[in-house]
Every structure is written in structure tokens, then in C-alpha cells.
Amino acid sequence: MSRSTRERIIDESLRLFAERGYSATSVAEIEAASGLSPGAGGLYRHFKSKYEVLAAAINEHASRTRLQVAESLAALSTMEASVDLEERLSHVCRAGLAKVREESELTRVFFRDLSQFPELVAVVREGLMQPMFDAIVTWFQAQPEYRDVKLDWPGIATVLGGSVVHYRLFQETVGELPGHAEKDQFVAAWVRLAVGLLPSPAPVS
């Protein structure tokens with residue numbers, strides 16, 4: 001499906017901001033990348049400023065994340081009866097890794113430029129990061145194996161979700177796999193840790 005001009009501007013601006021930085025990217029360059037005549041003012045028919053393009057990109061990514069999280073939870077919930085716990089956990093971990101990877105351009109913009117825009121940092125925190133952590137809590141509490149286990153689920157979601165985010169961010173910022181662990185190794189270890197949250201069976205007397 002073809003993108004609208006507004007969508008092209010948002011997509012291409014985020015790509016350019018990720019590659020060059022917000023300050024180093026001109027409106028004319030965004031227009032050229034979006035298929036508009038550079039310097040002719042076509043961007044201003046859709047946005048008031050370069051900042052407004054950046055804000056729109058981040059807000060739209062946040063809105064999309066909320067929808068994706070809801071859809072992922074719905075899809076994962078259909079697996080409960082037919083799939084064993086370790087496979088379900090593996091799907092959760094891999095879905096998180098895929099989501100963080102999908103946001104690689106936004107991640108680069110976040111670390112390079114967003115400190116000057118605290119209001120947009122708040123959008124990333126509340127619109128992209130927090131929904132992922134909340135989804136982990138919701139998912140664990142919905143699984144029959146964990147339903148009656150009394151644990152600090154928000155704290156656990158912070159640790160498990162944070163490790164998923166860190167795995168991808170390390171690759172983005174350092175250019176290598178953290179600990180040289182391949183993705184399958186990471187997922188297997190993540191699953192083992194999550195299964196370990198379950199209480200051990202009571203000893204037979």
C-alpha cells in the first residue's frame with residue numbers, strides 16, 4: 001500500500017534523524033527524501049516545523065506500540081491451552097526483541113537528540129517503554145502456572161523486560177552482541193530464568 005505524503009515525511013525524517021542527527025538534517029533534505037521538491041516548502045503543508053515532524057513521529061510510534069502490545073497479548077493468550085510454558089515464554093521474549101529492533105531508528109534518535117526535548121522523552125517512556133513492561137506483568141499474571149504465585153511482578157517485569165531492551169540496545173550502540181550471546185542463547189537463558197520464578201514442588205514426606 002502506498003504511503004501518503006505525510007507518512008513519507010514522518011518515515012524519511014526519522015530515518016534521516018537516525019542517520020545524521022536532528023540538528024544536522026535540514027527541512028530541504030527531508031523534502032527531497034520524501035519525494036517533494038527540496039526547499040519548496042512542501043513539508044510545511046503538513047507540519048509547522050521540523051520539530052513538529054519529530055514529535056509526530058514519536059507520538060505515532062507510541063500509538064502504534066500500544067496497539068501492537070494489545071494485539072500481541074491477544075495472540076499470545078490463544079496459545080495457553082495448546083503450548084507448553086517454555087514455548088510460550090520463548091514467544092514472549094522473541095516478540096519483545098522484535099519490537100525493540102523495530103524501533104532501532106527511534107532508539108538512535110532518542111540517545112542522540114531527545115535530551116533536548118524532555119516532553120518527547122516522556123512520550124517514549126510512557127508510550128513505548130511502559131506499555132511493554134505493563135504487558136509483561138499482564139501476561140505473567142494471566143498464565144495458569146503463575147496465576148497464584150505471589151511475586152513482585154512489576155519488579156520482575158523490569159528485570160526481564162529490561163534485559164530484552166538492553167540486548168538490542170547494546171547491539172545498536174556497541175555494534176556487538178552483549179556477552180557475545182547469540183539470540184537463541186539469550187532467549188533460552190531468559191526462559192530458564194522465567195521458569196525459575198515458579199516455586200519448587202513441596203518435598204514428599
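Predicted model: local features only at pLDDT ≥ 70, side-chain atom pairs only at ≥ 80, totals over all residues.
User: Why is Ser13 called buried?

Analyst: Buried means under 20% relative accessible area. Ser13 has 0% relative accessibility, so Ser13 counts as buried. Ser13 lies in helix 1. Leaving aside neighbours within four places in sequence, Ser13 is in contact with Arg8, Ile30 and Val53.

User: Which other residues of helix 1 are buried, and what do the buried ones pack against?

Analyst: Along with Ser13, the buried residues of helix 1 include Ile9, Ile10, Glu12, Leu14, Leu16, Phe17 and Ala18. The buried residues of this helix pack against helix 2 (27-33), helix 3 (50-77) and helix 5 (104-113).

User: Is Val159 buried or exposed, and why?

Analyst: The cut-off for exposed is over 50% relative accessible area. Val159 has 58%, so Val159 is exposed. Val159 lies in helix 7. The C-alpha atoms of Val159 and Phe133 are separated by 9.4 Å, and these two residues are 26 apart along the chain.

User: What share of the protein is buried, and what share of its contacts joins residues 24 or more positions apart?

Analyst: Buried residues make up 41% of the 205 residues. Of the contacts with a separation of 6 or more, 69% are between residues 24 or more positions apart.

User: What makes a set of residues a nonpolar core, and which residues have the most contacts inside the largest one?

Analyst: The members must be buried nonpolar residues joined through side-chain atoms within 4.5 Å. The largest such core has 29 residues, and Leu89, Phe140, Phe186 and Trp190 have the most contacts inside it. Helix 4, helix 6, helix 7 and helix 8 (183-195) each supply at least two residues of this core. Its largest share, eight residues, comes from helix 7. A second, separate core has 27 residues, among them Tyr22, Val53, Ala57 and Val123. As background, nonpolar side chains in soluble globular proteins tend to be buried together.

User: What does Phe140 touch?

Analyst: Not counting residues up to four places away in sequence, Phe140 touches Leu89, Tyr146, Trp153, Leu160, Ala194 and Leu197.

User: Which residues of helix 4 are buried, and what do they pack against?

Analyst: Leu85, Arg88, Leu89, Ser90, Val92, Cys93, Gly96, Leu97, Lys99 and Val100 are buried in helix 4. The buried residues of helix 4 pack against helix 3, helix 5, helix 6, helix 7 and helix 8.

User: What volume does the largest pocket have, and how do its lining residues divide by class?

Analyst: The largest pocket has a volume of about 390 Å³. Its lining has 21 residues, with Val92, Ala95, Gly96, Lys99 and Met132 nearest the centre. Helix 3, helix 4 (85-102), helix 6 (118-142) and helix 7 (153-174) each give two or more residues to that lining. Helix 4 gives the largest share, seven residues. By class, the lining divides into 15 nonpolar, four polar and two charged residues. Gly counts as polar under this scheme.

User: And what lines the second largest pocket?

Analyst: That pocket holds about 230 Å³ of space. It is lined by 13 residues, and Thr107, Val124, Met129, Val165 and Leu169 lie nearest its centre. Helix 4, helix 5, helix 6 and helix 7 each supply at least two lining residues. The lining of the second largest pocket has ten nonpolar, one polar and two charged residues.

Notes
Residues numbered from 1 in each chain as written. Heavy atoms only, no water. Buried < 20%, exposed > 50% of the residue type's maximum accessible area, 1.4 Å probe, protein only. Helix = DSSP H or I, 4+ residues; strand = E, 2+ residues; numbered from the N terminus. Contact = heavy atoms within 4.5 Å. 1 Å grid on protein atoms, 1.4 Å probe; cavity = no way out; pocket = protein on both sides within 12 Å on 5 of 7 lines; lining within 4 Å. Points joined across faces, edges and corners; volume = space filled by probe spheres on them.
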